Amino acid sequence: MTSTPTFGIIGAGMSGILAAVKLQEAGLDFRVFEKADKVGGTWRENTYPGIACDVPSHIYSYTFALNPEWSYFCSPGSEIQTYFETVVDRYGIDDRIRFDDAIVDCRWTEDERWKVETASGYTETFDFLIAATGILHHPKLPPIDGVDTFAGPSFHSARWDHDVELDGKRVGIVGTGSSGVQITGALANRAAEVKVFQRTAQWVMPVEQTEYSESQKEDFRTDADLLTETHDNLQEAFNTGFATSILDKESGMSDAIEARCREILAGLPEELQAKVTPDYRAGCKRLVVSHNWYDAIQTDSVEIVTDSIASIEPTGVRTEDGELREVDVLVLATGFKVDAFMRPMTIAGIDGVLLDEAWADRPSAYMAVAVPGFPNFFMLNGPNSPVGNFSLIQTAEMQFEYVMDMVERVRDGQMPLAMVTEEAAARFEDERTEAAGDTVWATGCRSWYLDDRGIPFAWPFPFDRFRREMAEPRLGDYVTA
Ligand code: N01
């Protein structure tokens, strides 16, 4: 290892920016590789109408860059994108990011360093490699008959075409996850008709859209303690209360959410109520929150279509009952391939073993950060991370502290390199898999939380355990000689 370790960071989204700022502050050398032409990750790619975060903005913020300017309790996506760009500017890390050049290959070399190669042929070597590529970035297009035959504009929710006129048009939306629900809310009063093709009803938790007043923002600007307190209190309430309780199927949180949703559902016309009332536990799929879904679906322009889609045709969507609903624009809000992570790039560890081989069955990571056979390599928000309805920023901050702890141990000679043992990874995987069966995610629904075996892949333990594991790495789980 070089006397001052160097770091390659894959991705300039939320986690990659975090890693870059922290490494810069620590005076360490790093380069960030970004396939696109600007930072922001998911917030750069998802620009659909109505996009907002469903985690309160004051906790969807870095602890080192709390933001007094958030306009809403849950702010719009464009504001979040601006926030990340502002952080990059403020910390001056822009010139450490290599834009528009996707990594194609990362390889552990004989001199025990990571050699990174990009699509343009650029290569650079580093002591440590941090993958900060996120989970939800490979759009999943539905395998529906004729999906390519639609004659009008058609795009995935994460590839929104802003040149397409929507006002007064007939818009079809396939999917009612967080994206489809937000798009429906935004288009209900803009489009002439909105046909929402719903395969499974969602629990949609109604929330107020609370706007911060100028005077509240001024208070946050002038009182740093107030800003910190707001962040800390919200984080405590949200992560240890709501987000942790909802993953425990016995906690009663699901009952409380269902009860709140049912109050609203009871006020809907009977036929609509029957269509949008789920038949599984709240929280089983990722909970959708919305300030305008229930109003939107009662708008004359919106139709919830529950008949299965038979095919997509040049002029619209045909359902199994034979009816063709003609639309001018077709939006596929059909989610993401959640098992890709940093792939399709190749990552080759010790003896040239590929991550694709290590993950031949499915992706997994010890403590959600490390993989045996891949030394000095860590992931932020990688496989088995807490997802659910947690703040991914808090998760990434804790993971990064863990990474730096391990880096320091390598630097001061406590271990030759940072590599988890096969045994520890297998033990963690067994324990995680067993615990996953007790979560609300395993109570019987189809969701992107489930792996190919139908087992939830996310961190299944209380968030406090994650906090503890990240704060105190189990050194015995790492290779020592
Ligand atoms: O994707 P999803 P998303 N035929 O996978 C349907 C985050 N996020 O982009 O429920 C017909 O949740 C599918 O139906 P079903 C957040 O973590 C956050 O909405 O599987 N329908 C479902 O309705 C979220 O969970 C925010 O039966 C098909 C939908 O498409 C994650 O991103 C905003 C189909 C996919 O829902 C993903 O959300 C947006 C088919 N062949 C996203 N295939 C906020 O912070 C799929 N569907 C607010």
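Alanine 36 is buried, with a relative accessible area of 16%; buried here means under 20% relative accessible area, exposed means over 50%, and partly exposed lies in between, with a 1.4 Å probe and protein chains only. Alanine 36 sits in the loop between strand 2 (29-33) and helix 2. Helices (H or I, at least four residues) and strands (E, at least two) are DSSP runs, numbered from the N terminus. In sequence, alanine 36 and aspartate 100 are 64 residues apart, yet their C-alpha atoms are 4.6 Å apart in space.

Let me state the basis of these values. The model is predicted, so local features need pLDDT of at least 70 and side-chain atom pairs count only at pLDDT 80 or more, while totals for chains, interfaces and linings use all residues. Residues are numbered from 1 along each chain as its sequence is written, and side-chain values use heavy atoms, with hydrogens and water left out.

I turn to the cysteines. How many disulfides does the count come to? The count is one disulfide, a disulfide being a pair of cysteine sulfur atoms within 2.5 Å. The partners are cysteine 284 and cysteine 445, with sulfur atoms 2.1 Å apart. The link is left-handed, at -100 degrees about the S-S bond. It joins distant parts of the chain, 161 residues apart: cysteine 284 is in the loop between helix 8 (270-276) and strand 12 (288-290), and cysteine 445 is in the loop between helix 12 (422-436) and helix 13 (463-471). Cysteine 284 is buried at 0% relative accessible area, and cysteine 445 is buried at 16%.

Two further cysteines deserve mention. Cysteine 53 counts as buried, at 7% relative accessibility. Cysteine 261 is in no disulfide either, the nearest cysteine sulfur, that of cysteine 284, being 14 Å away. Cysteine 261 is buried as well, at 0% relative accessibility.

Next, the charged pairs. A search of the whole structure finds 38 salt bridges, each defined as a side-chain nitrogen of Lys or Arg within 4 Å of a carboxyl oxygen of Asp or Glu. One of them joins aspartate 54 and arginine 286, at 2.7 Å from N to O. Aspartate 54 lies in the loop between helix 2 (42-45) and helix 3 (77-90), and arginine 286 in the loop between helix 8 and strand 12, so this pair ties together parts that are 232 residues apart in sequence. Both aspartate 54 and arginine 286 are buried.

Two other bridges lie within helices. Arginine 221 and glutamate 218 meet at 2.8 Å, N to O; they are three residues apart in helix 5, which means a separation of about one helical turn. Arginine 221 is partly exposed at 34% relative accessibility, and glutamate 218 is partly exposed at 37%. In the second case, the closest N and O atoms of arginine 432 and glutamate 429 are 3.0 Å apart. These two residues are three apart in helix 12, again about one helical turn, and both arginine 432 and glutamate 429 are buried. Elsewhere, salt bridges that share partners join Glu34, Lys35, Arg44, Glu45 and Arg159 into one network.

On burial within a helix, how many of the 10 residues of helix 4 are buried? Eight of the 10 residues of helix 4 (residues 178-187) are buried, so the helix is mostly covered by the cut-off of under 20% relative accessible area. Among the buried residues of helix 4 are Ser179, Val181, Ile183 and Leu187.

Finally, the backbone. Most residues other than glycine have a negative phi, and most peptide bonds are trans. The peptide bond from arginine 343 to proline 344 is cis, with omega near 20 degrees. Proline 344 is in the loop between strand 17 (329-332) and strand 18 (346-348). Phenylalanine 341, in the loop between strand 17 and strand 18, has a positive phi of about 50 degrees and is buried at 3% relative accessibility. Asparagine 384 also has a positive phi, near 70 degrees. That residue, asparagine 384, is in the loop between strand 19 (377-379) and helix 11 (392-411), and counts as buried at 1% relative accessibility.
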